[in-house]
Amino acid sequence: AAHTPGRIDPEVYLRYVIKTVEQGRKDFGLGRSCQAAVVVDRIGSGLKNQDPALLRVLLPAFTTHFPGIVGNIYIAPVNTVFYAIWSLVSLLLDSETRDSVRLLKKESKTDALLMEMDASSLPKNLGGTKLIPEAGIL
């Protein structure tokens with residue numbers, strides 16, 4: 001809900017993500033001994049927060065330059081409209097990418113996330129203990 005499309009140039013955001021992934025490679029063996037889990041927090045988001053330009057920059061970077069870095073992608077919460085859109089978009093993705101995406105309903109998102117990761121790595125609004133950042137790239 002805090003993301004404002006166009007506020008940050010997609011290329012600048014891409015450089016930030018690349019720096020973060022490279023730091024994860026160095027510090028944690030990301031891509032060699034472990035994979036990253038991506039959690040897309042949709043609480044309070046709507047059409048005003050959607051940023052296709054950002055996805056057009058990030059997706060090719062991950063599939064081309066960082067294969068194997070991302071394990072699962074959790075999108076929560078999703079509604080019927082999102083499911084319908086996903087059913088169309090997923091047809092354009094390869095099966096490995098499609099299988100790594102987990103759509104979580106509002107009612108079960110917290111339980112599903114806590115089964116996969118520690119509460120200390122999740123923000124409070126998704127059932128964890130971490131404060132949502134007030135600054136930084138959102």
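The questions and answers below go through a few features of this predicted model.

The model is predicted, so local features need pLDDT of at least 70 and side-chain atom pairs count only at pLDDT 80 or more, while totals for chains, interfaces and linings use all residues. Residues are numbered from 1 along each chain as its sequence is written, and side-chain values use heavy atoms, with hydrogens and water left out.

Q: Which side chain meets that of Glu 22 in a salt bridge?
A: A salt bridge is a side-chain nitrogen of Lys or Arg within 4 Å of a carboxyl oxygen of Asp or Glu, and by this rule the count comes to one. Both partners lie in helix H1 (residues 10–28), three residues apart, about one turn of the helix, where helices (H or I, at least four residues) and strands (E, at least two) are DSSP runs numbered from the N terminus. The N to O distance is 3.3 Å, and the partner of Glu 22 is Arg 25.

Q: Is Asn 49 buried or exposed?
A: Asn 49 lies in the loop between strand S1 (36–41) and helix H2 (52–65). Buried means under 20% relative accessible area, exposed over 50%, and partly exposed in between, with a 1.4 Å probe and protein chains only. Because its relative accessibility is 8%, Asn 49 counts as buried.

Q: Which residues does Asn 49 touch, not counting residues up to four places away in sequence?
A: Contact here means heavy atoms within 4.5 Å. The side chain of Asn 49 reaches the backbone oxygen of His 3 at 2.9 Å, and His 3 is also among the residues that Asn 49 touches. With that exclusion in sequence, the residues touched by Asn 49 are Ala 1, His 3, Pro 5 and Gly 44.

Q: At about what angle do H1 and H2 pack?
A: Two packed helices are described by the angle between their axes and the distance between the axes. Axes are lines fitted to C-alpha atoms, for helices over the stretch in contact, and angles run from 0 to 180 degrees between N-to-C directions. The axes of H1 and H2 are 9 Å apart, and the angle is about 30 degrees.

Q: Which residues does Leu 58 touch, not counting residues up to four places away in sequence?
A: Leu 58 has its place in helix H2, and at 14% relative accessibility Leu 58 counts as buried. Leaving out residues up to four places away in sequence, Leu 58 touches Tyr 13, Leu 14 and Val 17.

Terms used. A polar contact is a pair of N or O atoms within 3.5 Å; within protein, one must be able to donate a hydrogen and the other to accept it, and residues adjacent in sequence count only if both atoms are side-chain atoms.
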